[in-house]
Amino acid sequence: MSQIPDQLHRFIFENYEVRGELVQLNQTTKDILSGHHYPLAIQRLLSELLVATSLLTATLKFEGSITVQLQGDGPVRFAVINGDHQQRLRGVARYEGVIAENAGLHELIGKGHMMITVIPDEGERYQGIVALDSDTLAACLEGYFAQSEQLPTRIWLKTGLNEEQPKAAGMLIQAMPNSNSEQHALDFEHIVTL
């Protein structure tokens, strides 16, 4: 089976004032993971972080970059992915000890937080900090959008192996700014359900 190249698709539901992105990062995931011998749970975490960062950089309306960083007191003290407006991505994780294959976000990071740093080539740098108080990275990111941008957002992140090769994909659905009527909220929930 041939490797599917990295892909990013943006879409909009014009009549519903909802936008979205769909990303598949098989080659980039393979490239980032191949240089290290990460345990399976950390491979999964970095792959999710990679997809999430790609989805965030696709929302940039200017030239610049976004860094998504996780820090905590667990065995994974630090995990970071940096991506720019051209979808160039890089990242790394630092960990100690033995990591269980099925370890989740809290078992890996412990008590921690996520920092999202937006660095425009021209203009002011912005950093948002969100507690890792949800069970998944996707839910934490949804909390970030609700808190900082106040935009209803749903994120799905999927990672795994196929024929021993890493696969990573994700989707973001977001209400357009200024679409805060009750009908728009119903439309957003309808699209999320679909």
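How many bridges join strand 2 to strand 9, and do these strands run parallel or antiparallel?

Author: This is a predicted model, in which local features need pLDDT of at least 70 and side-chain atom pairs count only at pLDDT 80 or more, while totals for chains, interfaces and linings use all residues. Residues are numbered from 1 along each chain as its sequence is written, and side-chain values use heavy atoms, with hydrogens and water left out.

Strand 2 (residues 18-24) and strand 9 (residues 165-175) are joined by 7 bridges and run antiparallel. Helices (H or I, at least four residues) and strands (E, at least two) are DSSP runs, numbered from the N terminus. Two strands pair if DSSP finds at least two bridges between them. Within this pairing, Arg19 stands opposite Gln174 in strand 9.

Both strands belong to an open sheet of 4 strands, in the order 1-2-9-8, with antiparallel pairing. Strand 1 (7-13) and strand 8 (153-162) each have a single partner strand and stand at the edges, so one side of each lacks a neighbour in the sheet. On average, neighbouring strands of this sheet are turned by 10° against each other, direction ignored. Axes are lines fitted to C-alpha atoms, for helices over the stretch in contact, and angles run from 0 to 180 degrees between N-to-C directions.

Two helices pack on the sheet. Helix 1 (residues 26-34) touches strand 2 and strand 9, and its direction makes about 125° with that of strand 9. Contact here means heavy atoms within 4.5 Å. Helix 4 (residues 137-149) touches strand 8 and strand 9, and its direction makes about 155° with that of strand 8.

Ala138 lies in helix 4. This residue is buried, with a relative accessible area of 11%; buried means under 20%, exposed over 50% and partly exposed in between (1.4 Å probe, protein chains only). Leaving aside neighbours within four places in sequence, Ala138 is in contact with Ile155 and Leu157. Ala138 and Ile155 are 17 residues apart in sequence, yet 5.5 Å apart in space, C-alpha to C-alpha.

Helix 1 also meets helix 2 (residues 40-57): their axes come within 10 Å and cross at roughly 135°. The two helices are therefore oblique to each other (under 35 degrees counts as roughly parallel, over 145 as roughly antiparallel, 65 to 115 as roughly perpendicular and the rest as oblique). Thr28, Thr29, Ile32 and Leu33 in helix 1 meet Gln43, Leu46, Ser47 and Leu50 in helix 2.
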